[in-house]
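Hi everyone, thanks for making time today. I'd like to walk you through a pocket, a helix and a pair of strands.

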Amino acid sequence: MANKKRWLTVVGIGPGSPEYLTPAAYKAALMAEVLVGGKRALGLFKDLEKDKHVISGNLEKLYNYLLQRYGRKTAVLVSGDPGFYSLLKWLKGKFPNEDITVIPGISSVQLAFSYLKEGWEDVTFLSLHGRTLEKLDAYIDDLSKGCTKLAILTGGANNPSAIGKYLVSKGISSDMKLWLGIDLGTEHEEIHQVTIKELIDKNIKKAGVVIIGYDKC
C-alpha cells in the first residue's frame with residue numbers, strides 16, 4: 001500500500017435524501033476538493049463550495065475527467081452503498097494502483113426490508129439494470145415451488161412491469177404477490193404491494209426495488 005496514492009474516495013450517499021446521509025459520508029464530501037455524482041447526489045451538498053461534476057452514462061468521459069484531476073482529493077458519490085451494484089468495481093479496475101477509500105451507505109434494498117419489517121439474510125439479490133431478463137431463469141423453479149426470496153433492482157427497459165410480464169411468460173402465477181419500492185426515502189417515494197397481474201396492469205416503468213417471496217417464507 002505504501003506506493004499507492006490516497007486521493008479517491010467512493011461515498012455511499014444512501015437513497016438520496018438528507019435524513020439517510022450518514023455523518024461519515026458528509027465528512028468525506030466536506031474533506032474533498034472535487035465532488036462527482038448524479039444530480040440528486042450533488043444536490044445533497046449544494047451548500048459546499050467544491051468543484052462539481054455531474055456523472056452521465058458516459059463512463060469513459062468520467063474516467064478522463066478523473067484523470068485530469070488526478071491527485072486532488074475527489075469524492076465519487078454513489079447512490080445506496082458502494083459495495084452493492086455501484087461504480088466501485090469499475091473505479092478499482094480503472095485505478096488499480098490507488099488506495100481507494102470507501103464510505104458505506106444505506107442501500108435501497110436495506111430500506112425496502114426495513115419497510116417490510118423483514119430480515120434480509122436469506123435473500124438473493126439481483127440487478128436487472130443493463131442486464132437481460134434471462135437472469136431470472138435460474139430462480140423460476142424455486143419461485144414456482146414457493147419459498148425463495150428475491151430482491152431485484154430494476155432499471156432501463158427492465159422496469160417493474162416488464163419483469164412481471166416476463167415472470168408470467170415463464171409460468172409464474174399472476175396472482176403471486178410482490179412488493180415494489182420506487183424512490184425510497186425521498187419525497188417522491190412510492191410503495192406498491194400488488195399481485196404480478198396488478199403490477200402489469202399498472203404499467204409501472206420507473207426504476208425501483210422489486211421483492212418477491214417475502215410473504216411465503
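Let me start with what I mean by a pocket: on a 1 Å grid over the protein atoms alone, it is an open set of points where a 1.4 Å probe fits, with protein on both sides within 12 Å along at least five of seven lines, and lining residues have an atom within 4 Å of a point. Grid points are joined across faces, edges and corners, and the volume is the space filled by probe spheres set on them.

This is a predicted model, so to speak of local features we need pLDDT of at least 70, and side-chain atom pairs count only at pLDDT 80 or more, while totals for chains, interfaces and linings use all residues. Numbering runs from 1 along each chain as its sequence is written, and side-chain values use heavy atoms, leaving out hydrogens and water.

The largest pocket has a volume of about 1,400 Å³. Its lining has 38 residues, with S79, Y85, H129, L153 and T154 nearest the centre.

Now helix 1, residues 23-31; helices here are DSSP runs of H or I, at least four residues, and strands are E runs of at least two, numbered from the N terminus. Its buried residues (under 20% relative accessible area, 1.4 Å probe, protein chains only) are A25, A28 and A29. Down the axis, they fall within an arc of 95°, judged by directions from the axis to the C-beta atoms, so they line one face. On the other side, P23, K27 and M31 are exposed, meaning over 50%.

Finally, strands 6 (124-127) and 7 (150-153) pair in parallel over 4 bridges; pairing takes at least two DSSP bridges. F125 has A151 as its bridge partner in strand 7.
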